[in-house]
Amino acid sequence: MNKLTIDQQSKPLSLKEKSISFLQNVAFGNVREVYQKYVGPGFLHHNPFFPGDAKSLMIAMEENAAKNPNKRFEVKFAIQEKDMVTVYSHIKQNPDDLGAAVVHIFRFKDNQIVEMWDVGQLIPEDSPNKNGMF
């Protein structure tokens with residue numbers, strides 16, 4: 001899949017659209033550009049594998065995009081309520097990977113992302129649940 005370009009629409013994006021654009025662009029390697037466009041001052045995150053500041057997460061996202069150039073990212077649904085957005089997606093690091101179901105939660109202030117949470121669950125090869133994760 002080709003890299004996405006950062007959204008250049010003339011009309012303002014909703015917070016939900018900004019959240020999805022942020023995730024899509026990060027997944028395909030436009031990390032610094034999308035950080036400059038959507039991330040606000042004082043950004044913090046809650047990923048337990050990295051320090052909680054913007055720069056450390058940005059660098060980790062760049063490294064992941066470089067390491068996984070054939071990553072697949074598919075939004076299943078997104079919900080916006082006031083300044084909060086939740087995005088449920090299917091992420092595969094490579095096309096042969098079963099991937100993971102991931103929930104990203106964003107908090108916005110002044111139309112910029114100022115806080116983010118992410119929770120993921122690997123998709124098992126064999127599950128008794130016939131409904132699947134999506």
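Visitor: Where in this structure is the place of His90?

Guide: Welcome! His90 sits in strand E3. Keep in mind that this is a predicted model.

Visitor: Is His90 buried or exposed?

Guide: The relative accessible area of His90 is 15%, and buried means under 20%, so His90 counts as buried.

Visitor: Which residues is His90 in contact with, leaving aside its neighbours within four places in sequence?

Guide: The list is Arg72, Phe73, Glu74, Lys76, Leu98, Gly99, Ala100, Ile123 and Phe134. Look at Leu98 too: its backbone oxygen lies 2.9 Å from a polar atom of the His90 side chain.

Visitor: How should I read the pairing of strands?

Guide: Here is the general idea: strands of a sheet pair through backbone hydrogen bonds, and they can do so parallel or antiparallel. Now the case here. Strand E3 (residues 84–92) and strand E4 (residues 100–109) run antiparallel and are joined by eight bridges. For His90, the bridge partner in E4 is Ala101.

Visitor: How many bridges join E2 to E3?

Guide: Nine, and these two strands run antiparallel. To follow the pairing, find Gln80, which stands opposite Val85 in E3. The hairpin of E2 and E3 has two residues between the strands, and Lys82 takes a positive phi near 55° there.

Visitor: What is the order of the strands in the open sheet?

Guide: Its five strands follow the order E1-E5-E4-E3-E2, and the pairing is mixed. Strand E1 (39–45) and strand E2 (72–81) are the edge strands, each pairing on one side only. On average, neighbouring strands of this sheet are turned by 25° against each other, direction ignored.

Visitor: Which strands does helix H1 lie across?

Guide: Helix H1 (residues 15–27) lies across E1, E2, E3, E4 and strand E5 (112–122), and runs at about 160° to E2. Helix H2 (residues 31–38) lies across E1 and E5, at about 110° to E1.

Visitor: How do I describe the way two helices pack?

Guide: For H1 and H2, the angle is about 160° and the axes are 8 Å apart. That makes H1 roughly antiparallel to H2. The crossing, where H1 passes H2, is left-handed.

Visitor: Which residues in H1 and H2 meet?

Guide: From H1 come Lys18, Ser21, Phe22, Asn25 and Val26, and they meet Val31, Val34, Tyr35 and Tyr38 in H2.

Technical notes
Residues are numbered from 1 along each chain as its sequence is written. This is a predicted model: local features need pLDDT of at least 70, side-chain atom pairs count only at pLDDT 80 or more; totals for chains, interfaces and linings use all residues. Side-chain values use heavy atoms; hydrogens and water are left out. Two strands pair if DSSP finds at least two bridges between them. Helices (H or I, at least four residues) and strands (E, at least two) are DSSP runs, numbered from the N terminus. Axes are lines fitted to C-alpha atoms, for helices over the stretch in contact, and angles run from 0 to 180 degrees between N-to-C directions. Contact means heavy atoms within 4.5 Å. Buried means under 20% relative accessible area, exposed over 50%, partly exposed in between (1.4 Å probe, protein chains only). A polar contact is a pair of N or O atoms within 3.5 Å; within protein, one must be able to donate a hydrogen and the other to accept it, and residues adjacent in sequence count only if both atoms are side-chain atoms. Angles under 35 degrees count as roughly parallel, over 145 as roughly antiparallel, 65 to 115 as roughly perpendicular and the rest as oblique. A crossing is left-handed if the near helix is turned anticlockwise from the far one by less than a right angle, and right-handed if clockwise.
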